[in-house]
Amino acid sequence: QVQLVESGGGLVQAGGSLRLSCAASGRTVSSYTMAWFRQTPGKEREFVAVIRWSGGRPYYADSVKGRFTISRDNAKNAVYLQMNSLKPEDTAHYYCAEDEARAFYSDSHYRDPRVYDYWGQGTQVTVSS
């Protein structure tokens, strides 16, 4: 059984940093595509970043490019989202997701939350102005 557990959220002032963690069990994160999404009440789940099963450069939403970094630690079987220069508009519930498909797709493919097979419960990030 695949389980994803996020942690690291919290309250931070604008301009600050947080690092989110996603601990995986039942799957080896190095072998699957892993992503971060976020969601605010009343809005659709929004793509943030993805790191492919095949490696290569991660892909980011334009709104976070240059500020957020996705990475994985194979030894800890975890995926991280380092968030710097946080803005109030980054306030959201952040989710980790895993895609079971081991195939080659375009960047845009990974923006669709329907691509992903497993989700964590999420962690709340609140950025105050």
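Predicted model: local features only at pLDDT ≥ 70, side-chain atom pairs only at ≥ 80, totals over all residues.
A salt bridge is a side-chain nitrogen of Lys or Arg within 4 Å of a carboxyl oxygen of Asp or Glu.

**Asp90 and Arg38**
- The side chains of Asp90 and Arg38 form a salt bridge, with an N to O distance of 2.9 Å.
- This pair links distant parts of the chain, since Asp90 sits in the loop between β8 (78-83) and β9 (92-99), while Arg38 belongs to strand β4 (residues 33-39), 52 residues apart.
- Asp90 has a relative accessibility of 1% and therefore counts as buried, and Arg38, at 6% relative accessibility, counts as buried too, because buried means under 20% relative accessible area.

**Asp90 and Arg67**
- The side chain of Asp90 also meets that of Arg67 in a salt bridge, at 2.7 Å from N to O.
- Here again distant parts of the chain are linked, with Arg67 lying in the loop between β6 (59-60) and β7 (68-73), 23 residues apart from Asp90 in the loop between β8 and β9.

**Arg114 and Asp112**
- Another salt bridge joins Arg114 to Asp112, whose closest N and O atoms are 2.9 Å apart.
- Arg114 has a relative accessibility of 73% and so counts as exposed, whereas Asp112, with a relative accessible area of 23%, is partly exposed.

- Through salt bridges that share partners, Arg38, Glu46, Arg67 and Asp90 are joined into one network.

Technical notes
Residues numbered from 1 in each chain as written. Heavy atoms only, no water. Helix = DSSP H or I, 4+ residues; strand = E, 2+ residues; numbered from the N terminus. Buried < 20%, exposed > 50% of the residue type's maximum accessible area, 1.4 Å probe, protein only.
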